[in-house]
Amino acid sequence: MLPKFIHPRTSPLKFHSQLYLAPPLVSCFTAGRPFAVREHRTSVDMDKVYLRNISNSEELHITFRYVNETLHVDRDFNFCRRMHERVDEALARIRNNVEKEFKKRSKKSGKRRAPVDLAVSESLTQDTINEINIGLYRDGCDDCITNITFAELLREIASGLELRVMDKKFDVVLNQPWTVNLHLPSSILAGFLVYPNKLDLQFATREHSLGQWYKAVMPPSGDLNKGTKWNLCGHGLSYKVEDKDVGHYLKLVVTPRNEQGNQGPTSEHIAKWPVQAGPGVCPFEIRQQQTPQPLKEPDELRVVTYNLLADLYADSDYSRKTLFPYCLPYALEIDYRKQLFIKELLGYNADLLCLQEVDIKIFDYDLRTVLEQPPHNFHGIMAPKGTCAEGVAIFFRTSRFELVSSFVLHLGKVISRLPIFAPLWNKIKDNPRLVTRICDRSTTLQLCLLKMKGTDRFILVANTHLYYHPDADHIRLLQIGFSLIYVDYVYKQSMKEQNISDPKNIGLIFCGDFNSVPECGIYKLMMDQFVGSDFDDWSSNAAEAVTDVELTQPFKMLSACGTPEFTNFTTLFSGCLDYIFYQSDHFDLLQSVPLPTNEQLTIHKAIPSVTFPSDHIALIADLKFKENQLK
């Protein structure tokens with residue numbers, strides 16, 4: 001790990017003197033009775049057969065519900081066929097599957113009958129099975145369709161098609177709004193937001209679809225699907241769980257709809273575990289007293305940078321036993337932690353979020369699901385770290401900003417190829433061990449050029465997460481050197497392309513987890529705009545030592561939150577690694593939100609914990625363009 005540094009804060013904390021104590025929590029993975037969760041259930045109309053085919057796909061999904069009281073059959077049938085398969089051949093295979101179901105149901109039913117009745121029933125059932133007829137027909141025609149493919153058939157669906165299964169008739173409908181996946185999280189806490197951790201729709205949009213939330217207590221039978229009284233408790237695709245919901249199971253019913261107003265069959269899913277009590281007042285809720293409302297002035301903005309601790313790194317034996325052994329196992333589970341950091345991010349009322357260690361699945365199913373919906377209306381852009389399942393992400397509030405352009409730079413092998421990097425690259429390229437190490441990195445730099453609505457102002461936002469290794473100060477210093485060269489290039493190009501005549505109308509904000517304490521070269525380069533060739537960082541690894549290299553950068557920068565004692569706090573290491581750097585001759589600092597106290601961080605020994613979702617602490621700062629430049 002990095003060496004431990006202790007430094008005084010740049011300004012006194014102004015926190016409440018109260019010391020909160022989280023109430024005892026019972027793991028959501030052990031408390032209450034687990035419900036044997038099935039896959040989500042879709043309630044299809046009994047008179048329709050649903051065909052679904054995505055453009056440019058060969059797959060054709062066929063779904064219908066067949067009910068036959070004589071054969072004791074009542075189930076949904078789902079088939080996946082090929083678009084260029086002949087209809088009659090596909091239906092013959094479907095008939096075989098239906099026949100197997102009939103026989104299985106007949107055997108189960110027969111075991112409950114008297115011997116004489118059983119013999120008669122078996123005879124009737126076999127006769128019925130022998131008479132199974134399945135075919136597709138055109139409306140008003142009794143000739144079964146044969147010798148054409150599904151692709152050919154569906155061209156005439158507008159004229160009306162019908163599926164017949166014995167005595168039942170089903171209207172064929174194509175590409176109705178559909179719920180492909182619906183699943184609720186395993187942890188649901190009172191006082192926090194719950195939403196599907198997986199909701200995949202076809203031929204429907206999330207913003208037009210409907211959701212209804214129900215709650216119920218576990219019946220004596222232990223089966224929530226039988227005889228349970230479900231009470232409506234919320235509308236929409238998310239629900240703010242209340243204290244009175246503790247001990248109840250939640251069910252979400254989704255009606256998929258599209259922008260034309262068409263709707264498909266409803267689907268529902270029941271949570272596996274009942275609602276649990278929340279962890280009490282979290283430290284971030286005390287910090288949020290400094291950010292009760294969004295900023296309103298057009299030349300002001302609130303910035304947050306936050307390393308979320310990717311599930312990729314938290315969900316392992318190494319993390320549970322070595323990195324975070326003090327953290328209760330359930331509090332390391334992503335379904336628990338994401339509830340906390342979602343609530344934390346929302347409560348800062350920020351305009352700009354720069355996030356690191358963002359799992360791709362969390363970006364897609366959680367952050368975008370919540371942040372991009374009303375009333376928050378953020379837009380998120382993710383930049384994965386190469387082939388890694390995590391990366392960095394920028395979210396900006398669309399009511400405040402317009403996205404002009406975005407850029408992603410992977411600080412690996414590309415540094416040897418871009419012409420703008422040649423002067424620095426030529427100074428290190430003859431050190432093979434150094435070259436191998438820096439070029440093998442998946443470190444990513446993300447840039448967004450944003451225009452502040454209602455003004456002539458632009459903001460260039462940079463977000464990164466630099467290499468972590470303790471003997472790699474030289475690698476990180478080179479990474480920030482290359483990054484600033486690229487930032488400077490984009491900055492100047494943006495001024496030309498956007499015709500920004502007054503250079504004060506564009507400002508740089510550089511956020512991230514730099515994995516570098518204030519004594520190291522990155523902070524010096526940002527503050528002093530220069531790092532000499534004799535700086536200690538260059539020799540952090542003797543075999544890869546950097547010689548005759550000095551770095552400069554053109555931006556006058558300050559750290560919005562100063563150099564706090566720690567932004568990362570574990571039992572193995574604590575220190576200041578995260579920063580919001582801003583262009584000080586273009587912005588004024590209005591406020592930075594005080595960090596949690598040592599007392600708060602150590603209640604559960606270190607973080608993450610039941611009240612801290614990450615091993616890092618979010619940084620929050622309010623900035624304003626210099627007043628004398630406002631037009």
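This is a predicted model: local features need pLDDT of at least 70, side-chain atom pairs count only at pLDDT 80 or more; totals for chains, interfaces and linings use all residues.

Biologist: Why are helix 11 and helix 12 called roughly perpendicular to each other?

Modeller: Helix 11 (residues 432–439) and helix 12 (residues 473–497) pack at an angle of about 65°, and their axes are 11 Å apart. Angles of 65 to 115 degrees count as roughly perpendicular. The pair is therefore described as roughly perpendicular. The crossing of helix 11 past helix 12 is right-handed.

Biologist: Which residues meet where helix 11 contacts helix 12?

Modeller: Helix 11 contributes Leu434, Arg437 and Ile438, while helix 12 contributes His474, Ile475, Leu478 and Phe482. By class, the residues of this contact comprise five nonpolar, one polar and one charged.

Biologist: What makes helix 12 roughly parallel to helix 13?

Modeller: Helix 12 packs against helix 13 (residues 521–528) at an angle of about 30°, with the axes 9 Å apart. Angles under 35 degrees count as roughly parallel, and helix 12 is therefore roughly parallel to helix 13. On the side of helix 12 the contact is made by Arg476, Leu477, Ile480 and Leu484, and on the side of helix 13 by Gly521, Ile522, Leu525 and Met526. These residues divide into six nonpolar, one polar and one charged.

Biologist: Which residues of helix 13 are buried, and what do they pack against?

Modeller: The buried residues of helix 13 are Gly521, Ile522, Tyr523, Leu525 and Met526. Their packing partners include helix 12, strand 23 (506–513) and strand 29. Helix 13 is followed by glutamine 529, which has a positive phi near 65°.

Biologist: How do you know that glutamine 583 is buried?

Modeller: Glutamine 583, in strand 29 (residues 578–583), has a relative accessible area of 5%. Buried means under 20%, so glutamine 583 is buried.

Biologist: What makes the link between the side chains of glutamine 583 and tyrosine 491 a polar contact?

Modeller: The contact spans 3.3 Å, and the criterion requires a pair of N or O atoms within 3.5 Å. Leaving aside neighbours within four places in sequence, the contacts of glutamine 583 include Tyr491, Ile506, Phe555 and Met557.

Biologist: Why is glutamate 357 counted as buried, whereas asparagine 175 is called partly exposed?

Modeller: Glutamate 357 has 11% relative accessibility and therefore counts as buried, the limit being under 20%. Asparagine 175 has a relative accessible area of 25% and is therefore partly exposed, since that term covers values between 20% and 50%. Glutamate 357 lies in strand 17 (residues 352–359), and its positive phi is near 50°. Asparagine 175, in the loop between strand 7 (168–174) and strand 8 (178–183), has a positive phi of about 55° although it is not a glycine.

Biologist: Where is proline 375 found, and what is omega for the cis peptide bond from proline 374?

Modeller: Proline 375 is in the loop between helix 9 (360–371) and strand 18 (378–384). The bond from proline 374 to proline 375 is cis, with omega near 5°.

Conventions:
Residues are numbered from 1 along each chain as its sequence is written. Side-chain values use heavy atoms; hydrogens and water are left out. Axes are lines fitted to C-alpha atoms, for helices over the stretch in contact, and angles run from 0 to 180 degrees between N-to-C directions. Helices (H or I, at least four residues) and strands (E, at least two) are DSSP runs, numbered from the N terminus. Angles under 35 degrees count as roughly parallel, over 145 as roughly antiparallel, 65 to 115 as roughly perpendicular and the rest as oblique. A crossing is left-handed if the near helix is turned anticlockwise from the far one by less than a right angle, and right-handed if clockwise. Contact means heavy atoms within 4.5 Å. Ala, Val, Leu, Ile, Met, Phe, Trp, Tyr, Cys and Pro count as nonpolar, Asp, Glu, Lys and Arg as charged, and the others, Gly among them, as polar. Buried means under 20% relative accessible area, exposed over 50%, partly exposed in between (1.4 Å probe, protein chains only). A polar contact is a pair of N or O atoms within 3.5 Å; within protein, one must be able to donate a hydrogen and the other to accept it, and residues adjacent in sequence count only if both atoms are side-chain atoms.
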